[in-house]
Amino acid sequence: MKNPTTSKSWQRLQGEYERIRGQHMRDMFAADPGRFHRFSLRLNDILFDFSKNRIDGGVFEALIELAREAGVETWRERMFRGEPINHTEHRPVLHTALRHMGDEPVRVDGRDVMPEVRSELARVRQLADAVRCRRWRGASGQPITDVVNIGIGGSHLGPQMAVEALRPYAIHDLAIHFVNNIDENHINNTLERLSPDTTLFIIASKSFTTQDTMVNADTARAWLLNKLDDETLLSRHMVAVTANTRAAIDFGVAEENVFRMWDWVGGRYSMWSAIGLATAIAIGPDHFESMLRGAWEADCHFREAPLEQNIPVVMALLGIWYNNFFGAQATAILPYDQNLHRLPAYLQQADMESNGKGVDRDGHPVGYQTGPVLFGEIGIASQHAFYQLLHQGTKLVPADMLAPVSNYRCIARHHRALMSNIFAQAEALMMGKTEAEVRAELEAAGLPEEEIEFLLPYKVFPGNRPTNTFLFYTLDPKTLGTLVALYEHKVFVQGVIWHINSFDQWGVELGKVLARNILDEVNRGEPVDSHDASTNGLINYYLHLRPRRN
């Protein structure tokens, strides 16, 4: 299927939308006592409740038909078989190989890549153990106390999210820091608290040419050499993760300290590889392997479960339902677990860099909506920030809520209050509050009729706002791996249905090229007139005000 809007299933869904658009979910629940059981799925201890969506049996059947007609099952097998489905870069898409724990081979161009994948993971284990057990010593003989991951995008967001999410499993006298911003404040603020004698840098860059990462890496190298007498001693304080081994060695990283990436793994899907070195050091290689196992179990579920029982397929279809039929422009990710506070940022890249495309797989502009704007924050904080718009605003914003049944260090009073909020908010978004309910409430409070009439329109909640809820026992490494992999596969399914390539990202290149050209102009320091009037004016104003020391 190419243009999905011309398919029979899409046309059927348009009819289903016209039929159901005026129905309220509170009435659907009243009419169907078994709705929760019909519209919820389980994988291990993860419950995915999608019953609070504006769907019924007819809509769900039509959505599954859309996935089948789009060839999701065929594309899924093509991905797992290592076919070059990233067609603009002529590459397979095999991040699943990084966490593959089965016996069967995974082939790229006829060659089984699993031996080299597992060899590299063994090297990750070896280094992580050495740092955690204090066998890895700096040039002065002192153990490492601080690890600084320098990267950007996929070389930063995944490891940082995982390290934060799995804090209870970390060694707390071994600090992990992340630097991704080329703004000097980021690396300066990080380094001012550290000692070169006890700091290990991970330079994480697939190409080892990304400007943001390499400028920060140069600063880190200079900071180390200000203390070290011999450049060869850098080997005790600097490792690299890259697909460009030669560039890393030329930079000064010892060859034995270079960890390999592969071109068949996109950066935003690379947290399972040696890019996760900071994660493995933080939580330990056994827990890192458990995270990989959780992702692998999600892969098995995605590959084997029937479409109607397949969690990422259902997630994807619900997103398309709101994006393409209800006109929803955004999706909210709302974790009710403080340690998941970086999950929304991680999923922003996974989703928006993958499916933020306006050209289809045949090179034609699309005439329909593709990836939505994704945003989010910790659920409790969000309730006091943007939930007002979710409840009473003019925009429909579907939301995913995620929460553990118990925490690693669970305090009952805290956790029960937390859980009461997620249950209440999902119910309130679905049910809303009618004018009659508001009137009865105000009358019970003893307000005069005039005041009641004044307040009524402000206190009515329309409800009918969709949410998905993920509940799981606790946020351990395996569960985190499963959740992240489910979202990865959701993105893939949506890309298949929209007939776009979810695995290239040409849109990020233009700004990079222009930035390199403008950097040359800024370094020359002469007024410019080679751009549009606004850009010329901004550059020249910057040059006029720039301190001489810059």
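Colleague: Which residue in E12 does Pro335 stand opposite?

Modeller: Pro335 stands opposite Leu402 in E12. Keep in mind that this is a predicted model.

Colleague: How many bridges join E10 to E12, and do they run parallel or antiparallel?

Modeller: Strand E10, residues 330–335, and strand E12, residues 399–404, are joined by four bridges. The two run parallel.

Colleague: What sheet do they sit in?

Modeller: An open sheet formed by six strands, with mixed pairing. The order is E1-E2-E13-E12-E10-E11. From one strand to the next, the twist averages 15°.

Colleague: Which strands stand at the edges?

Modeller: Strand E1 (40–43) and strand E11 (373–376). Each has a single partner strand, so one side of each has no neighbour in the sheet.

Colleague: Stay with E1 for a moment. How does E1 run relative to E2, parallel or antiparallel?

Modeller: Antiparallel, with four bridges joining E1 to E2. One of the pairs is Arg42 with its bridge partner Leu47 in E2. The hairpin of these strands has two residues between them, and Asn44 there takes a positive phi near 55°.

Colleague: And what does Leu47 stand opposite in E13?

Modeller: Leu471. E2 and E13 pair over three bridges, in the antiparallel sense.

Colleague: Are the faces of E2 covered or open?

Modeller: Both faces of E2 are covered. Ile46 and Phe48 are buried on one side, and Leu47 and Asp49 are buried on the other.

Colleague: Which helices lie across the sheet strands?

Modeller: Helix H17 (residues 412–431) lies across E12 and strand E13 (467–472), and runs at about 160° to E12. H20 lies across E1, strand E2 (46–49), E10, E12 and E13. Its direction is at about 155° to E13.

Colleague: Moving inside, how many residues does the largest nonpolar core have?

Modeller: It has 123 residues. Those with the most contacts inside it are Trp264, Trp321, Phe470 and Leu480. Helix H20 (residues 477–498) gives the largest share of this core, twelve residues.

Colleague: What is Leu480 in contact with, leaving aside its neighbours within four places in sequence?

Modeller: Leu480 is in contact with Met161, Ala162, Ala165, Leu166, Met291, Leu340 and Leu475. Another core, of 23 residues, lies apart from the largest one. Among its residues are Leu191, Phe201, Met214 and Phe251.

Colleague: New topic: how many residues of H13 are buried?

Modeller: 14 of the 15 are buried, so H13 is largely enclosed by the rest of the structure. Helix H13 covers residues 311–325 and reaches 21 Å from its first C-alpha to its last, close to the 21 Å expected. Just after H13 comes Gly327, with a positive phi of about 75°.

Colleague: At what angle do H6 and H12 pack?

Modeller: At about 145°, and their axes are 9 Å apart. H6 is residues 114–132 and H12 is residues 285–304. From H6 the contact uses Leu121, Arg125, Ala128, Asp129 and Arg132, and from H12 it uses Pro285, Asp286, Phe288, Glu289 and Leu292. By class, that contact has five nonpolar, no polar and five charged residues.

Colleague: Last one. Where is His384 found, and is it buried or exposed?

Modeller: His384 is in the loop between helix H15 (379–383) and helix H16 (387–392). Its relative accessible area is 70%, so His384 is exposed. C-alpha to C-alpha, His384 and Phe60 are 34 Å apart in space, and in sequence they are 324 residues apart.

Technical notes. Residues numbered from 1 in each chain as written. Predicted model: local features only at pLDDT ≥ 70, side-chain atom pairs only at ≥ 80, totals over all residues. Heavy atoms only, no water. Axes fitted to C-alpha atoms, helices over the stretch in contact; angles between N-to-C directions. Contact = heavy atoms within 4.5 Å. Nonpolar A, V, L, I, M, F, W, Y, C, P; charged D, E, K, R; others polar. Core = buried A, V, L, I, M, F, W, Y, C linked by side-chain atoms within 4.5 Å. Buried < 20%, exposed > 50% of the residue type's maximum accessible area, 1.4 Å probe, protein only. Pairing = 2+ DSSP bridges. Expected span 1.5 Å × (residues − 1).
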